[in-house]
Amino acid sequence: LLTVECQQATADNVAVCCDREVPWRCGAGHTHPLPICSKGTPSSCPECEACELADAVDSARNEQVPKELPHLLGQDPSKGKRFRRAETSVGPRALVDRCVAHLACLANGQKVTELPLTPQEREDFFQNQAWRLQMFKRFSEQTASLFDRPQLHPSLLPVFFVVHAGDAHRQKQQATGFAQKNPFVQVRTLGGIGVHRVTSENLKALAREAKGSATKTLLLGYVYTLCSETEADFPPKNQQKNAVERWTETLGCDCVEFRPNSHSHLKKLIVWHPHLVYATHRVGPLGAAEIAALADVVADVTSAGEPQILPPRLIQFEHAEVLAGKKLVVGVAPKGARAPVDQKWGGEAPLSQNVGALRGTWAGGLHFWNVDGGQAEGAKLPFQVSRFSDGLLSDGVERDLLQKLSCLDTAAPSFAGKKLLERLLEESRETASPSESKSDKPSLLQLFLCLEFLAKDDAERARAELEGYCHTLRKSGALNAHPLLLAAFARLGVPKLNHPGPTCPDPVLLLIDFSRLCPRGADLLLTPDEKKDVAGLDEPANADGADADAVATDLPAPAPEEQWADLKDTCECKSEAMEKLLRLTGLRKVKQAAVRLFRTGLQFKRMDAETRALNTPSLNYVFLGNPGTGKTTVARLFAEVLYDSQLRSGEAFLETSGQELKEKGVDEFDKQLKQAEHGTLFIDEAYSLDPVGDKFKGAPVTNKLLTTAENARDKLSLILAGYEDELQDKLWAFNPGFKSRFTEVLFEDFDEAELLEVWNAQREGRRWREADPRIGRVVVRRLAKGKGRKGFGNARDVRNRLEASCQRAMARLGDAFDPQDMVLQMEDAVGENPIHNPKLDAVLEELCGMTGWERVKQAVRDLVDLCGKNYERELNGQEPLPVFLNRLFLGNPGTGKTTCAKLYGRLLKQLGFLSSGEVVEKTAGDLGGAVVGEAKQRTAALLEASRGKVLLIDEAYGLNDGQYGKQALDTLVEKVSGSAETDDLAVLLLGYEREMMDMLDRQNPGLRRRFDPGQAFRFEDYTEQQLEKILLDTCH
C-alpha cells in the first residue's frame, strides 16, 4: 500500500482509499482481482482452499482409500494440519488417554472398558463423514464470492456422555456406545445427540450433581466437527424449530455448545445428523469424589489450554489503516471538485462510505451508497431504488411502496405492502432464467419485507428475510450496499453468517450513518424515538427547543369520534348513520374514511354549481378484508352518510354479489344500475365476476361495471367488497385502469380487546352470564390466533363460538336448565381438559397395546401431557406452548407407520385439533406434475381437500428429485403453517431417515420448520421376540 497526501484526509481517524481492483497472485499461481487499497490483503487463496476441500470429499467417498478414525489421525505428525486446535491446548487424544490412565488405577482397572468400533460402526462413521463433508462443500459453495466462503478446518473434541440411569433398557442400549443413534436422540436435545466436552468445569459440575445420588457411568469419545458454535443460549420451546434451522441451515453448524441453565450446570454440546460422534471407552460407575478427582486430572493436563470449539475459519483481509482504527472513505473527490460522471448513474457518481460501527462484523468491509450523492436536481423519491438496483426496480414500484408499506406510513392498509412485496418477489423469481445470477431486485425487496415484518411485530420472519438478503449480498460478492441495510441492522442486529465477529453494533451509530446517507428515507422510516436518539448523538440540542412543526407531526391523529364531534360543534352537521358507524367495534381506518367523506361533502356545499361540476369526485369504493368485519353493514351506513353529506341526492341502496350478477347477465345488471341511480350499489364478493377466467359471463358484466364507474361517477356510488388478493388476481388484472377507479378502504381484523367486546355484547344480548370471568378472555385469545389469516371470521367467529357454547350448556344441564338464569361454564366455552376425555383414553389404550413403538408411545404421551399443561396455562392467562401437528414418520417398511397414522388422526381429533381425524393416503407421485405449475396446483388442491384430516404422504423423499417435487414441497411450506389452532390439518411425511434428512438439507429451508426432525416419530425395527408376538396375535 502507498501512503499519499490528500486534502480530504483532514481528520486523524479518516483514511482515503480507492476501490480499484488489482491482480493478486497466490503461491500456487491463482490470480484474483481485488481492491487491495480499500480492503487489504487476503490471508490465503480461496482456490487452494477449495481444492483441499474437494480432495477431502473425494477421499472420504472413495472406499478404496484406507481410512483411520480421526483421533488416530491426529497422532500422525504428517497429518498435523488436518485438525485445528488453539496453539496452547493439549491434543484431544492425549486428554482422553490421560483420563483413561487415571481411571485404570481405580479398582484394578475394572472401572474402564474399551469400546472398539466394529467394522460396521467404522463404515457408518466414514459414510457420515463423507456426507458431512459433502454438505459442508455444498454449504460453502452457496456463497458466490470465493473470499467469503468458510474454509475446511475440522476440529476434534474430546467428549463424555452420562449413561441413562433410570431406564434399564435405554441404559443397556447406551452403554455399548453410539452404534445405534436412536437411544441418544431426544426432543430435549433438539433432535440431536447431547454430549459434554471433557473439561474440568463440566466434570466438577457433574460431581456436584452426583453428590448424595447414585453413581454415574460415562462414555468417553470424540466429536468430529467442521462448523460449530459455542456459548449459545438454549432456545425456549416456541423458538426451537427456528433456532435449529438457523444453526444448521443458515450458519451450517453440525454442533452447538450451550451455556449452563437452571436445570444443569454442565455445558451441553448438541451434535446434529449426520452424527459424527463415537465412543472409545466406557468408565464407571463413578462416585462424586471419583468424578471430582478426574476433574482435577483434566485441569492439570489442560493447564496450558484445553481443546477449544473454534469458529468457522474465513479468509481474513488485513488492512493497516483499519487496524489503526481509522475510518475508510471511498470515492470522495477533492474539495471543490465535481465527482466523475458515470453513465450507469446518469449523472454524478454516488459516494460510497465505510461504516465504522460495523467494524469487526462480516459487513465491516461493505461500503454504503450515499443516496443523495449525484442525484438530479429536484429528485423526489427518498430511496432511489431504481438507481441503486440497475433499473430492476422502477420508480413506479417505489411510489407504490411509499403508499402501502406500514413501516413508512402508519396509515397504510395493514397488509397491502406485505402482499405487494411478496407478489413482486414471486414475479421476479418466475421471470429469472435458470442460468441467471441472482439480481439485486429480490434482495432489495427482501430488505423492505424485513422492515415491513418488523412493523407488524413479526421479528422472526423479519430476521429470516434479513438473513436471506445478506446471503444474497455475500454470494454476489458485492462491495457496496443500499443504506437501508443499516436501518435493518440497527433494529435486528447483524446476522452472524458463520462469521466469528460481533453481531450487535451500536444501533444509534448505525441510524446516524443511515440518516446521513439516506436523509429523506430516514425521515419516513425512523420512529420518533429513533429520531430523538439520532439527534441527541449527531447534533447538539437546539437551545430554543424542537421546531414546532416537527413536534406537531409526532402527535397522534385525533380519533374519528373526536373529529366527528368537532365537525358537529363547528358546522352543526347531523348524521344518524355516522353515529351508528362510530359506535361499531374496531374499524378505526373505516371510521376515518367516513369522517373524511363527510368533511368533503361540507366543502362541496360551499362551491357553486359550476365549480362542483369541475371538481366532481369519484365516490366509488372497494372494501378489503376478512369476513365478519362488518363490510355489508358499513356499506349501508356509507350510503346514508353519502346522502346526509349531500354528496348523493338519493337514498337508494341495492345489494348484490358478483356471482349473482354473473348469472343474471348484463341486462339485469343494467336494471339494477338504474334503480340505484343517485344512490349506492353494493357488490359483495366482486371477485366472483372473474372476467379473466370467465370470458362469456363475467367479462361482459365487468366491462359494464368498468364503464359505469367512470361515466356515472357524478350520480352513482359503487362499493365492491372482497379479499385483496382475489380482487387483484381476478378483477384488477382484467384491466390496468380498473383499480384506479376505486378508493380502497381496509377493514382490519379485530384484536383481542375488540373480540372480547363483541363476545360480551353478544352474550349479554342473549341474556347469558359467565360462571368464571376468565371464559371470554380464553375464548377470544384462541380466536385471535387466526388474526391476519385469510378467512378469519372476526365477529362471525365470535357469534359461532357463542352459539356452540350455549348449545353445549343447554345439553349439559338437560332438565335442570333454567331460562331465567342461563350460565356458561368454562367447559361449555372452551371444552374440558383433553386429558380427561374418555374417548382419548380409548385411543391411548389401543396405542399402548401395539407391539414395539416405544419411542412413538413416549412422544404421544408427551403430546398429551403438553395439551393438558396448555389447558391450564390458558385458564391462567398464559400463552400456550407450541404444539406440532405436522410430523416426520421415519423408519423402515413394515414398522407400522401407516397404522400409527390412523391412530394419530383419531388422537388429534379427540384432542380438539382436527374436525374429522380421517387419514388421506397419498404418495410423492400424487403431488407431482407433467407441466410447470401443475405440481403446485395439485398440492394446493390436495391440502384444501384434506382440511380436518391427516394427509399422509408415503415415500415423501421422492419429492427430493426434480423441478416438480420442489414445487410440491414449496407449496407445502407456503400452505401449511404448522399452527395447531388454525390449520385443522396435519401432514405426515413418511420415509427412510437418511433420505428424509437429505431432503430437508437440500430443499426449502422452511420445510425443516414445518417438519421438525426433533419432533419426528421414529419407528425402530422389530426384534425377533416382537415379530414372534405379532405373528401369534395375527394367527389368533
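Q: What makes F383 count as buried or exposed in this predicted model?
A: In this predicted model, the relative accessible area of F383 is 1%. Buried means under 20%, so F383 is buried.

Q: How do you know whether F448 is buried or exposed?
A: The relative accessibility of F448 is 2%. The limit for a buried residue is under 20%, and F448 therefore counts as buried.

Q: Why is the pair of F889 and Y904 called edge-to-face?
A: The ring centres of F889 and Y904 lie 6.1 Å apart, and rings pair if their centres lie within 6.5 Å. Their planes stand at 65°, and planes over 60 degrees apart count as edge-to-face, so the pair of F889 and Y904 is edge-to-face.

Q: What does the pair of F889 and Y904 tie together?
A: F889 belongs to strand β27 (residues 887–891) and Y904 to helix α34 (residues 897–910), so the pair ties together parts that are 15 residues apart in sequence. Both F889 and Y904 are buried. Ring pairs also link these two residues with W853, F1017 and F1019 into a cluster.

Q: Which elements do the buried residues of α36 pack against?
A: The buried residues of α36, among them L969 and L972, pack against α35 (934–945), β29 (950–954), β30 (986–991), α37 (993–1002) and α38 (1005–1010).

Terms used: Residues are numbered from 1 along each chain as its sequence is written. This is a predicted model: local features need pLDDT of at least 70, side-chain atom pairs count only at pLDDT 80 or more; totals for chains, interfaces and linings use all residues. Side-chain values use heavy atoms; hydrogens and water are left out. Buried means under 20% relative accessible area, exposed over 50%, partly exposed in between (1.4 Å probe, protein chains only). Helices (H or I, at least four residues) and strands (E, at least two) are DSSP runs, numbered from the N terminus. Contact means heavy atoms within 4.5 Å. Rings of Phe, Tyr and Trp (its six-membered ring) pair if their centres lie within 6.5 Å; planes under 30 degrees apart count as stacked, over 60 as edge-to-face and the rest as tilted.
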